[in-house]
Amino acid sequence: MKALDDLLGEGVSGRRVLVRADLNVPFDKSDPTVISDDGRIRAVLPTLVALRDAGARVIVCSHLGRPKGAPDPKFTLAPVAERLGELLGNPVVFAEDTVGASASDAVAALLDGQVLLLENLRFNAGETSKDDAERGAFADQLAAFADAYVDDAFGAVHRKHASVYDVPARLPHFAGGLVQREVEVLRRVTESPEQPYVVVLGGSKVSDKLAVIKALLPKVDKLLVGGGMCFTFLKAQGHEVGKSLLEEEMISTCADLLAEADGRIVLPVDVVAASAFAADADHDVVDASAIPGDRLGLDIGPRSVALFAEAIGSAKTVFWNGPMGVFELAPFAAGTRGVAEAITKIDGFSVVGGGDSAAAVRTLGIDESAFGHISTGGGASLEYLEGKTLPGLAALES
């Protein structure tokens with residue numbers, strides 16, 4: 001896999017470089033024009049700055065949300081272009097389409113050291129099409145803009161999309177610094193993790209994490225399970241879980257995993273049970289084996305935090321993916337905060353597996369530099385850990 005340094009070594013001054021970034025940032029619910037977490041924009045800055053400062057004509061492309069293959073004002077990248085310009089210290093040119101007249105004119109007018117952002121890739125049906133010809137036709141149009149391609153969108157490398165999979169087949173292609181770092185870190189925690197190795201998994205559903213649990217279970221010393229997915233495991237142990245999130249069809253699978261793990265899967269011993277899914281709902285801490293029938297668990301309790309922190313504290317390697325509770329609501333954030341803070345204190349290497357975990361770190365104001373690595377790709381990280389072939393990485397390696 002050729003790297004960004006290889007491209008810079010060839011010389012990029014005056015050359016047009018298409019950079020696939022992951023600028024799929026969240027917006028404030030009360031004001032859809034305000035970016036609530038610009039972490040993904042910041043993550044790609046080193047690659048963009050390196051190319052800009054070397055005199056490249058930088059064309060950035062990304063998706064945002066899930067529009068239906070046509071322009072939708074709700075998913076415009078215009079606010080992202082503005083924020084990217086602020087962070088770069090120079091205005092970013094914004095094209096109002098992906099491969100149409102606005103984009104073509106903007107590319108033609110681009111000067112050395114300038115940065116252009118194309119409109120949302122998913123405004124074109126060809127980006128996500130399962131039809132190779134349709135996807136390829138869109139890739140042809142994107143590739144025609146550039147002399148070289150850099151993929152720095154690790155959060156999208158598990159997608160067989162035009163800008164991720166097909167464009168690199170049409171241009172000299174290179175991995176950006178962010179993609180290189182992500183692969184290096186994930187290879188470390190899958191192939192040669194220093195023991196003891198503790199994995200912390202949360203989030204809503206066991207079904208979403210089943211493949212990664214099966215892949216990691218033989219490698220870990222402890223697998224700590226929180227979040228909504230823990231209730232299916234608790235049910236598999238014979239406990240009632242009230243109105244908590246439950247995947248009935250996964251109960252027997254969880255029972256099998258618990259048997260296979262032989263004590264290495266650690267579940268909460270207490271939970272914060274609420275009368276409703278709301279910040280102002282009545283709530284209290286109850287034993288995990290005694291959740292009232294009219295209540296639902298929305299966070300792990302303080303004894304569980306202490307139990308998890310003890311396991312984490314002995315680890316040399318920790319991988320964390322998924323919050324311990326509904327951290328967006330203040331009464332149910334303590335579990336995620338407690339576990340995150342425990343991870344920051346280990347004498348070893350820690351990885352935050354992107355997605356909601358990374359969002360929780362920033363939302364709760366935890367020092368990002370206290371972690372060994374914070375991934376930008378939740379789904380991509382999990383699929384890598386599962387051992388799947390990721391289309392974007394395969395394209396870069398070809």
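**Entry 1: the model and its domains**

I am working with a predicted model here. I then checked who touches whom, and the contact draws nine residues from domain 1 and ten residues from domain 2.

**Entry 2: what the domains bury**

Domain 1 and domain 2 bury about 710 Å² between them, and carbon and sulfur atoms account for 60% of that. Which residues of domain 1 lose the most area to domain 2? I noted Asp37, Phe154 and His158, which together make up 65% of what that side buries.

**Entry 3: a charged pair across the interface**

The structure holds 22 salt bridges, and one salt bridge crosses the interface of domain 1 and domain 2. Side chains of opposite charge can pair when their charged atoms come close. I looked at Asp37 with Arg362, where the closest N and O atoms are 2.7 Å apart. The two partners are 325 residues apart and link distant parts of the chain. Arg362 belongs to helix H13 (residues 355-363), while Asp37 is in the loop between strand S1 (16-20) and H2.

**Entry 4: the cavity**

Rolling a probe the size of a water molecule over the atoms shows where empty space is left. I got one cavity of 30 Å³ or more, and the largest cavity holds about 30 Å³ of space. What lines the largest cavity? I wrote down Asp22, Arg40, Ala43, Val44, Asp152, Leu178 and Thr376. Helix H2 (residues 39-53) gives the largest share of that lining, three residues. By class, I have three nonpolar, one polar and three charged residues around the largest cavity.

**Entry 5: the second largest pocket**

Last, I checked the second largest pocket, which has about 150 Å³ of space. Its lining includes Val183, Arg187, Tyr384, Lys388 and Glu397. Two elements give two or more residues to this lining, helix H7 (177-191) and helix H15 (391-397). Which helix gives the most to the lining of the second largest pocket? I found H15, with three residues. The lining of the second largest pocket divides into five nonpolar, two polar and three charged residues.

Terms used
Residues are numbered from 1 along each chain as its sequence is written. This is a predicted model: local features need pLDDT of at least 70, side-chain atom pairs count only at pLDDT 80 or more; totals for chains, interfaces and linings use all residues. Side-chain values use heavy atoms; hydrogens and water are left out. On a 1 Å grid over the protein atoms alone, a cavity is a set of points where a 1.4 Å probe fits but cannot get out, and a pocket is an open set with protein on both sides within 12 Å along at least five of seven lines; lining residues have an atom within 4 Å of a point. Grid points are joined across faces, edges and corners, and a volume is the space filled by probe spheres set on the points. Helices (H or I, at least four residues) and strands (E, at least two) are DSSP runs, numbered from the N terminus. Ala, Val, Leu, Ile, Met, Phe, Trp, Tyr, Cys and Pro count as nonpolar, Asp, Glu, Lys and Arg as charged, and the others, Gly among them, as polar. Contact means heavy atoms within 4.5 Å. Buried area is the accessible area (1.4 Å probe) that two parts lose on being put together, summed over both. A salt bridge is a side-chain nitrogen of Lys or Arg within 4 Å of a carboxyl oxygen of Asp or Glu.
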